[in-house]
Amino acid sequence: MNAAGRDGAAGGAELGMEQRTGEQKVRKETAGWKSGSGRGDRRRNWVDLCIILLTSGVVIAAYLAVMGGMSQSGSSGGSGGGAGEVSGGSLLLQTLLGALTEYGVFGLGITIVCAVRRESFRSFGLKWEKLGVTVLLSALACAPAFVSMLFRNEVHSYLLFQTVNFTKQVLEAGFPVSLVGMVIIAVSWGFFEGFSYVVIAERVNRLFPVRRVWLNAGAAAGGAICLVVHAVLGLAPETFVVGLCDFIIIYGMLAVRDYTGNAWGCVLIYFFFWNALV
């Protein structure tokens, strides 16, 4: 009986060890998938980044080609008559075309990736939890840029999305054109421009996870991409200080998103700061 008991206990211990080993292996594999260290997951993240960047590149190239053709035809055609007053429908159409271009640069790639991977936008941190601290910390990320603008005497007025070419015309058009036009502008130049960096940074952080709170590979990549895209579109910073402040905004808002788990700060910066001050 004693020998049988010892054999049974030994067998039970071995079974328990196998179960714990299996559980540890599952946990390790799951942790690897979440951090992007798994080989298959790393490949998917690289593919996702390529889709996002290539989509943006194609849209930017098409935009520059169209604008170049229009400028050449305009210069060869000479000066025509006045443009005249634009109707509400025509203004909305122009706004929509501009918004689709903006969406193509900042929103189309991430929409394709999220649809293919079956990831909802909410899963990236669009939630109510810790919204207050997220907004506060994101505002602090804008402080260097705001102080720099004050020193350069570049703060003259405040209006949501006034840096967008269509905003003032849309607001002057009156209801309902103003309402529809501002919704179109807010979705493209507000939501998607800010949220696109969240998705990109998430993919980069899965590929290059960093354990420090404020040292963030995804945030650094987002800041660099912002400067490159703006330079290609002819919106490069005038000085090194301006470029550094822009980088701090992107880096700061993405680091805050990782710290709080809330992504609304990245979006609201484009609503209430970046596109609002002139």
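This is a predicted model: local features need pLDDT of at least 70, side-chain atom pairs count only at pLDDT 80 or more; totals for chains, interfaces and linings use all residues.
Student: Is Arg118 buried or exposed?

Tutor: The cut-off for exposed is over 50% relative accessible area. Arg118 has a relative accessibility of 80%, so Arg118 counts as exposed.

Student: What is phi of Phe161?

Tutor: Most residues other than glycine have a negative phi. Phe161, in the loop between helix 5 and helix 6, is not a glycine, yet its phi is positive. The value for Phe161 is near 60°.

Student: Is Phe161 buried or exposed?

Tutor: Buried means under 20% relative accessible area. Phe161 has 2%, so Phe161 is buried.

Student: Which two residues does a cis peptide bond join?

Tutor: Most peptide bonds are trans. Here there is a cis bond with omega about 0°, and its proline lies in the loop between helix 6 and helix 7. The residues joined are Phe175 and Pro176.

Student: At roughly what angle do the axes of helix 3 and helix 7 cross?

Tutor: Two packed helices are described by the angle between their axes and the distance between the axes. Helix 3 covers residues 88-106 and helix 7 covers residues 177-207, and their axes come within 9 Å. Helix 3 is roughly parallel to helix 7, because angles under 35 degrees count as roughly parallel. The crossing angle is roughly 5°.

Student: How many nonpolar residues does the contact of helix 3 with helix 7 have?

Tutor: Residues of helix 3 in this contact include Leu92, Ala99 and Phe106, and those of helix 7 include Ile184, Trp189 and Phe192. By class, six residues are polar and two are charged. The nonpolar residues number 13.

Student: Which element gives the largest share of the largest nonpolar core?

Tutor: The core has 56 residues, and Phe161, Ile185 and Met253 are among those with the most contacts inside it. Elements that give two or more residues to this core include helix 2, helix 5 and helix 9. The largest share is 16 residues, and it comes from helix 7.

Student: What class of pair do the rings of Phe124 and Phe195 form?

Tutor: Phe124 lies in the loop between helix 4 and helix 5 and Phe195 in helix 7, so the pair ties together parts 71 residues apart in sequence. Phe124 is buried at 2% relative accessible area, and Phe195 counts as buried at 0%. The ring centres are 5.9 Å apart and the planes are at 90°, so the pair is edge-to-face.

Technical notes: Residues are numbered from 1 along each chain as its sequence is written. Side-chain values use heavy atoms; hydrogens and water are left out. Axes are lines fitted to C-alpha atoms, for helices over the stretch in contact, and angles run from 0 to 180 degrees between N-to-C directions. Helices (H or I, at least four residues) and strands (E, at least two) are DSSP runs, numbered from the N terminus. Angles under 35 degrees count as roughly parallel, over 145 as roughly antiparallel, 65 to 115 as roughly perpendicular and the rest as oblique. Contact means heavy atoms within 4.5 Å. Ala, Val, Leu, Ile, Met, Phe, Trp, Tyr, Cys and Pro count as nonpolar, Asp, Glu, Lys and Arg as charged, and the others, Gly among them, as polar. Buried means under 20% relative accessible area, exposed over 50%, partly exposed in between (1.4 Å probe, protein chains only). A nonpolar core is a set of buried Ala, Val, Leu, Ile, Met, Phe, Trp, Tyr and Cys residues joined through side-chain atoms within 4.5 Å. Rings of Phe, Tyr and Trp (its six-membered ring) pair if their centres lie within 6.5 Å; planes under 30 degrees apart count as stacked, over 60 as edge-to-face and the rest as tilted.
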